[in-house]
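Open the model in your viewer and keep the selection tool at hand. The tour below goes stop by stop.

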Amino acid sequence: MSLLPLKEGGHGMGATAIIGLGAMGLGMARNILAAGIALTGYDIAPAARDRFASLGGTPAETAAGAAEGASLLLVMVVDAAQA
């Protein structure tokens, strides 16, 4: 399977965001960004947000800020309490 880069607004796709940039979330973010999809992300750890930014993602200062305006929101946290 091959992923084609999506242009902003293409195929009905709005903004995409991810909350949780740990082991699973950062790997997912890396693949999403490699597919050419713009991605906003948030993690409670500033170092995780910095790693995300180094991959080309747009870090948000809060979870709410990452989710604002997103038509697709991925939440990759440890448990329901974190969500």
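How much space lies in the largest pocket? About 290 Å³. Remember as you look that this is a predicted model.

**Stop 1: the pocket.** Select Ile 19, Gly 20, Ile 44, Val 77 and Gln 82. Of the 14 residues that line the largest pocket, these lie nearest its centre. Now colour the lining by class.

**Stop 2: the core.** Next, select Ile 18, Leu 21, Leu 26, Ala 29, Ile 32, Leu 33, Ala 35, Ile 37, Leu 39, Ala 48 and Phe 52. These 11 residues form the largest nonpolar core. Two elements give two or more residues to this core: α1 (23-34) and α2 (46-54). Which of them gives the most? It is α1, with four residues. In soluble globular proteins, nonpolar side chains tend to be buried together.

**Stop 3: Leu 39.** Stay in the core and pick Leu 39, one of its members. Show its contacts, skipping residues up to four places away in sequence. Leu 39 touches Ala 29, Ile 32, Leu 33 and Phe 52, among others. Its partners also include Thr 16, Ala 17, Ile 18, Gly 57 and Thr 58.

**Stop 4: Thr 16.** Follow the contact from Leu 39 to Thr 16. Thr 16 sits in strand β1 (residues 15-19). Is Thr 16 buried or exposed? Its relative accessible area is 5%, so Thr 16 counts as buried, the cut-off being under 20%. Beyond its neighbours within four places in sequence, Thr 16 contacts Ile 37, Ala 38, Leu 39, Thr 40 and Leu 72.

Technical notes
Residues numbered from 1 in each chain as written. Predicted model: local features only at pLDDT ≥ 70, side-chain atom pairs only at ≥ 80, totals over all residues. Heavy atoms only, no water. Core = buried A, V, L, I, M, F, W, Y, C linked by side-chain atoms within 4.5 Å. Buried < 20%, exposed > 50% of the residue type's maximum accessible area, 1.4 Å probe, protein only. Contact = heavy atoms within 4.5 Å. 1 Å grid on protein atoms, 1.4 Å probe; cavity = no way out; pocket = protein on both sides within 12 Å on 5 of 7 lines; lining within 4 Å. Points joined across faces, edges and corners; volume = space filled by probe spheres on them.
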